[in-house]
Amino acid sequence: MEKENVRDFEINLREICLVLLKRIWIPIIAAILFYVAGFWYSTNRITPMYTSKAELLVISNSSAYSSSSIVMDDNFTKNYLYLIKNNHTILGNVIEKNGLDMSVSRLSSKISVSSPDETQIIVIYVTDSDPVMAQKISNSLCNEAKLYITDELIKADNIRITNEGTLPMRPSSPNVSRISASFAFLGFVLACGVILLIHMINDAITTVEDVEKRLSLKVIGKVPYSHQLGNKRTLVPRKKSKE
C-alpha cells in the first residue's frame with residue numbers, strides 16, 4: 001500500500017512538472033513583468049532615505065586598567081546608548097537648535113545606535129529623506145549628547161567625538177534590487193499557481209492516461225484522427241423528385 005502511494009506521488013509530481021514545463025514561458029513572462037513593476041514601484045512610490053554616520057568614544061575615568069574598570073566602562077557605554085536615543089533633554093535640544101518640526105518620539109525613530117563588541121565606541125546612525133538634514137541631526141546629536149553627559153550627568157570630560165556625521169551620497173533605502181527580485185519571484189509563483197489551478201479544474205479527457213486514471217478503464221485500442229478528413233463534409237446529392 002505504501003509503495004502504491006509513493007508511486008502515485010511520483011506520478012503526480014511528474015505530471016505537475018510536465019504541466020509547468022509545457023507552459024514555462026508564462027511564469028517567465030510574469031516574472032519579467034513583475035520585476036519591471038517592482039522596479040517602478042521602488043523608484044517612484046517609495047521615498048529614498050539617507051543615513052548619516054557619526055562616532056563617539058567613551059574614555060575611561062580610571063588611569064589603571066583592571067577587570068572592574070573594563071566592566072564599568074562597558075556599563076557606561078550601554079547607558080550612553082540608551083540616553084542618546086531616548087533622553088528627552090538631548091533630543092529636545094536637537095529639535096530646538098535645528099528648528100525641526102517633529103516630536104521627540106519621531107526624532108528617536110530616525111536614530112539608531114550601536115557599539116562594536118569589546119569597544120567603548122558608540123556609532124550613531126541618523127536616517128532622513130534629506131541627506132543634508134541627516135548629517136545636521138547626527139552632528140547636533142553628538143554635540144548635545146556630549147554636553148549633557150559631561151556637564152550634567154557625569155560631570156567629567158570622558159566623551160570624544162571621533163568622527164563627525166557623514167554626508168550620505170547614496171540612499172540607504174529602499175533596496176531596489178531586492179524589492180524587484182521579490183516582485184519577480186511573486187510573479188513567477190503566482191503564474192505557476194494559476195497554471196496548476198487551471199489544470200486541476202480542467203476535467204476534459206484528452207489522452208489515454210486520462211481515460212485510465214479518471215474512468216478506471218483499460219484502453220484496448222486507438223483510432224487515429226485525421227484533421228484533413230475531419231474537416232471535410234460529405235455531400236449527399238438529393239434525389240430528384242418525379243414529376
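Where is the place of I149? I149 sits in helix α6. I'll come back to that residue after the overview.

First, the ground rules. This is a predicted model, where local features need pLDDT of at least 70, side-chain atom pairs count only at pLDDT 80 or more, and totals for chains, interfaces and linings use all residues. Residues are numbered from 1 along each chain as its sequence is written, and side-chain values use heavy atoms, with hydrogens and water left out.

Confidence next. pLDDT is the predictor's confidence in each residue, from 0 to 100. The protein's mean is 83, and 76% of its residues reach 70 or more. Helix α2 has the highest confidence, at 96. Helix α9, residues 227-231, has the lowest, at a mean of 57. Over residues 6-11, pLDDT stays under 50. That stretch has 0 contacts beyond four places in sequence. By contact I mean heavy atoms within 4.5 Å.

Now the layout. We have 9 helices and 4 strands. Helices (H or I, at least four residues) and strands (E, at least two) are DSSP runs, numbered from the N terminus. In order, the elements read α-α-β-α-α-α-β-β-α-β-α-α-α. Of the 243 residues, 25% count as buried. Buried is under 20% relative accessible area, exposed is over 50%, and partly exposed is in between, with a 1.4 Å probe and protein chains only. Of the contacts with a separation of 6 or more, 71% join residues 24 or more positions apart.

On to the core. A nonpolar core is a set of buried Ala, Val, Leu, Ile, Met, Phe, Trp, Tyr and Cys residues joined through side-chain atoms within 4.5 Å. The largest one here has 24 residues. L107, I122, I124 and L141 have the most contacts inside it. Which elements each supply at least two residues of this core? They are β1 (50-58), α3 (67-86), α4 (88-98), β3 (121-128) and α6 (131-153). Helix α6 gives the most, with 6 residues.

Now α6 itself. Its 23 residues should span 33 Å at 1.5 Å a residue, and its end C-alpha atoms are 31 Å apart, which agrees. The expected span is 1.5 Å times one less than the number of residues. D130 caps the N-terminal end, with a side-chain oxygen 3.2 Å from the backbone nitrogen of V132. Just after the helix, K155 takes a positive phi of about 55°. The buried residues of α6 include A134, I137, L141, C142, Y148 and I149.

Back to I149, then. Its relative accessibility is 0%, so I149 counts as buried. Leaving out residues up to four places away in sequence, I149 touches Y80, I154, K155, N158 and I159. I149 and I159 are 10 residues apart in sequence and 8.2 Å apart in space, C-alpha to C-alpha.

Is N158 buried or exposed? N158 is buried, with a relative accessible area of 1%. Its side chain makes a polar contact with the side chain of Y80, at 3.1 Å. A polar contact is a pair of N or O atoms within 3.5 Å; within protein, one must be able to donate a hydrogen and the other to accept it, and residues adjacent in sequence count only if both atoms are side-chain atoms.

Another loop residue: S115, between β2 (111-114) and β3. At 24% relative accessibility, S115 is partly exposed. The S115 side chain reaches the backbone oxygen of I121 at 2.9 Å. Not counting residues up to four places away in sequence, S115 touches T77, L81 and I121. S115 and L56 are 59 residues apart in sequence, yet 9.7 Å apart in space, C-alpha to C-alpha.

Last, α2, residues 25-44. Its 20 residues should span 28 Å at 1.5 Å a residue, and the end C-alpha atoms are 28 Å apart, which agrees. P27, A30, A31, G38 and S42 are its buried residues. They cover an arc of only 100° around the axis, so they lie on the same side of α2. That arc is taken from the directions from the helix axis to the C-beta atoms. What do the buried residues of α2 pack against? They pack against α7 (176-201). The face turned away from the buried side carries exposed W25, I32 and L33.
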